[in-house]
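Biologist: I am new to this structure and would like to learn how to read its features one at a time. Could you take me through some of them?

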Amino acid sequence: MSEKEAKVKVIRTALDDLPFGDDEGDFGQNEKVTNRLPEGVESKRLYADITKIAWPSFVELMLTQLASMVDMMMVGKLGPWALTAVGLTTQPKFLLMTMFIAMNVGATAMVARYRGAGEREKANKIVRQALMLNLILSVTSSILGYIFARPMIVFMGGEEGVVVDGAVSYLRIQMIGFTFMALTSSITAVLRGVGDSRTAMIYNMTANVVNVFFNYCLIYGHFGFPAMGVAGASLATIIGQFVAFVYAMFYVCMGKRYLHLRFRDGFMPDWGEIRKIVQIGIPSMIEQLVMRAGMIVYAKTVASLGTVAYATHQVCMNIQGMSFMSGQAFAVSATSLVGQSLGKKRPDMAQAYCSRTRRIGFVIAMLIGVAFFFFGGFIVGLYNNEKEIVESGAMILKLVAFTQPFQSSQFIIAGGLRGAGDTKATAVITFITVLLIRPGIALLLIKVFDTGLIGAWIAMVCDQLVRTTLVFARYQSGKWKSINKSLDAAKAQQA
């Protein structure tokens, strides 16, 4: 570590005490995944590294989802129509987020790789390139989203009336704050690449508090604020996102940590670095587009069951989102540590980190599954106490409970693959499961066998089981360890 670099705070891991590897396979570059631990490395040190990165992400994601749940609970008090209105905006919004989410995957992988290789200036260059790319992409997406809000909501299955009007209002307000959310997500992505998940936890927690406070003020009209209903919930969200953006920008501009954003360094395109971000990001973007397409077909199929069924579905999706948090938090660890390991040319450490991360996530997922199985009805009742919604929701959460261990493993291993830059494999797997299996089985069970809402969730279980199997098979093959060579080859060609 250079004298200049020694003056900044760095999230240290076991990797910092190990020598660099090489391209000759001395550290398992060409081996299939095994349980062999690198010589001189203790398992407890690896678990400590994993937890150090994962716990702030877990707290952040959990509180973010809790804020989303509180948001939905507050909206739910307006009636099932309001839950449906907000639900109809979910897939259009995620579709518009596809491009910059994909570029963030590329940015995280490259920053992690440069951190592992000890190239701080190149990591900081990735920060500037990612912000520039996502500024352009998010402004374009927000304009399109605002203009085409109503056609998108109608396409999702909304029928003209109070539901569609509420959904259009909600989505258009979201588009006003879209760019701030996109840039904040870019900063979060690069911070996670160097293992700094604590900072994102702080500014996202702050945003959540602001969001919930303004929900209370703007949905119902408290403290002198107007009662805006669904539109108020959307406005509260973007106010919170703006607060997070200001904090995140201030943090990366301070220069006291590994990543330092200096405006004097300029934001001119560096096509070599952009090419590497895009090389990883494009397959991820295809994956996201495929996922959104599959989710839209799936959501439209559920929407055809009526307002109450769709409201129940939306509540259960929101609750299921809580169960995603542990898997996603440990996926952050897997992405960062696998990327850094491969940057240091230590694929043996990459697989050691990934396998242990999956073990921790599996145990936590089992506990969440037990809670959903036994307390599902109570949790659903917090959103809306209509008997039909509570009974149907409780049954669905029993299915969700069954998928928890598989879902967690799938998130974490896929996170490790993305950290390696192996986004093509995850894109193919997503195509098979989310675009073909989930909507296909949902259509069959609902339209042909008339199973109702439960059929849609059986389809989701099938999706999760197949996806977990395919992701695990890809990881076990060890092919993801060679992605590093292709990126290095591209770098050599540029030189």
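This is a predicted model: local features need pLDDT of at least 70, side-chain atom pairs count only at pLDDT 80 or more; totals for chains, interfaces and linings use all residues.

Biologist: At what angle do helix α3 and helix α4 pack?

Modeller: Helix α3, residues 80-117, packs against helix α4, residues 120-147, at an angle of about 175 degrees, and their axes are 9 Å apart. Because an angle over 145 degrees counts as roughly antiparallel, α3 is described as roughly antiparallel to α4.

Biologist: Which residues in α3 and α4 meet?

Modeller: On the α3 side they include L96, F100, M103 and Y114, and on the α4 side they include I126, L133, L137 and G145. The residues of this contact divide into 13 nonpolar, five polar and one charged.

Biologist: What span should helix α9 have, given its number of residues?

Modeller: At 1.5 Å a residue, the 25 residues of α9 (residues 230-254) should span 36 Å, and the end C-alpha atoms of α9 are 37 Å apart, which agrees. Just after α9, G255 takes a positive phi of about 85 degrees.

Biologist: Where does α12 bend?

Modeller: Helix α12 bends by about 80 degrees at F375.

Biologist: How many salt bridges does a search of the whole structure find?

Modeller: Side chains of opposite charge can pair when their charged atoms come close. The search finds 20 salt bridges, and in one of them the side chains of K125 and D270 meet at 3.0 Å, N to O. K125 lies in helix α4 and D270 in the loop between α9 and α10, so the pair ties together parts that are 145 residues apart in sequence.

Terms used: Residues are numbered from 1 along each chain as its sequence is written. Side-chain values use heavy atoms; hydrogens and water are left out. Axes are lines fitted to C-alpha atoms, for helices over the stretch in contact, and angles run from 0 to 180 degrees between N-to-C directions. Helices (H or I, at least four residues) and strands (E, at least two) are DSSP runs, numbered from the N terminus. Angles under 35 degrees count as roughly parallel, over 145 as roughly antiparallel, 65 to 115 as roughly perpendicular and the rest as oblique. Contact means heavy atoms within 4.5 Å. Ala, Val, Leu, Ile, Met, Phe, Trp, Tyr, Cys and Pro count as nonpolar, Asp, Glu, Lys and Arg as charged, and the others, Gly among them, as polar. The expected span of a helix is 1.5 Å times one less than its number of residues. The bend at a residue is the angle between axes fitted to the seven residues ending there and the seven starting there. A salt bridge is a side-chain nitrogen of Lys or Arg within 4 Å of a carboxyl oxygen of Asp or Glu.
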